[in-house]
Amino acid sequence: MKLARIATDDGPVTGRYEGGVVHTDDGVYEVESDADLLPPCEPSALYCVGRNFAETLDQMEYERPDEPDFFIKPPASLVGHEDPVPYPGFSDEVTYAGELAAVIDEPCRNVSEAEVPEIVRGYTILNDMDALDQGGRTARKAFDASGPLGPWIETAVDPTDIDMHTDVAGERRQEANTELMLFDPAEIISFLSRRFTFRPGDVISFGSPANPGLVEPGDTVEITYEGVGTLRNTVVDSSERDSLALEDGAIRT
């Protein structure tokens, strides 16, 4: 089942997505004509794992980590499916990275690997954008709109054997399978749960396959994980940052 969040005249609502339509307790909404997709959850934080594919380590000349290597993006990094992504005005070297992500369903900590399926709502897609020319991981990773997320949460998928690909401006840039991860999703979620108390809606991403690369204004990035969906966003000029929502449904002009 696909769970989607949409913006309506009465505020954000969540429901079952099927064939371009979202079914909620209060009615049926046709996406685009009646409502736009929002990021599919409201995380207190996005916990992102890097260096989790061997080919990426070789490409970037990183050492293989002994345990999951992670960083955190704030909620301000979120934009939804089809939302524009303003190119950050402080950078000249911005990259995409197509990642599978889990969404936590209940408050929890110290979760065993066997318990992970019980506390995960489902899986979605993250574009982990990175301003490579900035100093330090937070400056590189945690800017506005650096975490496009969506299009929805798929509740019925095995995250350990999923084909993926990323297209940028119509060109295939990434292609891999999640079985190539060094640490699988259950290992990562369990590991992080020993350090953080998760809250409903928190996001945990599992790293990017090889060939994360540069984007420019005008580029459309499409990230597909089979059985989950396709996340699509277009990079726009930095001047459009002021049009980002200050909160769901509230646009600054």
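Buried, in this presentation, means under 20% relative accessible area, exposed means over 50%, and partly exposed lies in between, with a 1.4 Å probe and protein chains only. The model under discussion is a predicted one, in which local features need pLDDT of at least 70 and side-chain atom pairs count only at pLDDT 80 or more, while totals for chains, interfaces and linings use all residues. Residues are numbered from 1 along each chain as its sequence is written, and side-chain values use heavy atoms, with hydrogens and water left out.

I begin with the chain as a whole. Its secondary structure comes to four helices and 21 strands; helices (H or I, at least four residues) and strands (E, at least two) are DSSP runs, numbered from the N terminus. The C-alpha trace of the protein chain spans about 50 × 45 × 30 Å along its principal axes. The radius of gyration is 17 Å, which agrees with the value near 18 Å that a compact globule of 253 residues would have; the radius is taken over C-alpha atoms, and the globule rule is 2.2 Å times the number of residues to the power 0.38.

Of the 253 residues, 52% count as buried. Among contacts (heavy atoms within 4.5 Å) with a separation of 6 or more, 72% are between residues 24 or more positions apart. The protein chain has 19 positive and 51 negative side chains, and the centres of the two sets lie 5 Å apart. In that count Lys and Arg are positive and Asp and Glu negative, without His and the chain ends, and the place of a charge is NZ of Lys, CZ of Arg, CG of Asp or CD of Glu.

I turn now to helix H4. This helix comprises residues 185–193 and is mostly covered, with seven of its nine residues buried. Which residues of H4 are the buried ones? They are Pro185, Ile188, Ile189, Ser190, Phe191, Leu192 and Ser193. Their cover includes strands S6 (46–50), S7 (69–73), S11 (98–104), S12 (120–127) and S17 (203–205), together with helix H2 (116–119). At the start of H4, the backbone nitrogen of Ala186 has a side-chain oxygen of Asp184 within 3.1 Å.

Val203 belongs to strand S17 and is buried, at a relative accessible area of 1%. Beyond residues up to four places away in sequence, Val203 touches Cys41, Pro43, Ala45, Leu46, Tyr47, Ala101, Ala102, Val103 and Leu149. From Val203 to Phe191 the C-alpha distance is 14 Å, across 12 residues in sequence.

Thr124 lies in strand S12 and counts as buried at 0% relative accessibility. A polar atom of the Thr124 side chain lies 3.2 Å from the backbone oxygen of Gly150; a polar contact is a pair of N or O atoms within 3.5 Å, where within protein one must be able to donate a hydrogen and the other to accept it, and residues adjacent in sequence count only if both atoms are side-chain atoms. Outside four places in sequence, the residues that Thr124 touches include Pro40, Glu99, Leu149, Trp152 and Val228.

Asn233, in strand S19 (residues 229–236), is buried with a relative accessible area of 3%. Where do the polar atoms of its side chain find backbone oxygens? One such oxygen, that of Gly80, lies at 2.8 Å, and that of Asp83 lies at 2.9 Å. Leaving out residues up to four places away in sequence, Asn233 also touches residues including His81, Pro148, Asp219 and Val221.

Ser91 sits in the loop between strand S9 (85–86) and strand S10 (94–95), and its relative accessible area of 3% makes it buried. Its side chain reaches the backbone nitrogen of Glu93 at 3.1 Å, and a polar contact of 2.7 Å joins it to the side chain of Asp133. Beyond four places in sequence, Ser91 is in contact with Ala131, Asp133 and Gln134.

Is Arg172 buried or partly exposed? At 42% relative accessibility, Arg172 counts as partly exposed. Its side chain makes a polar contact of 2.3 Å with that of Asp167. Apart from residues up to four places away in sequence, Arg172 touches His165, Thr166 and Asp167.
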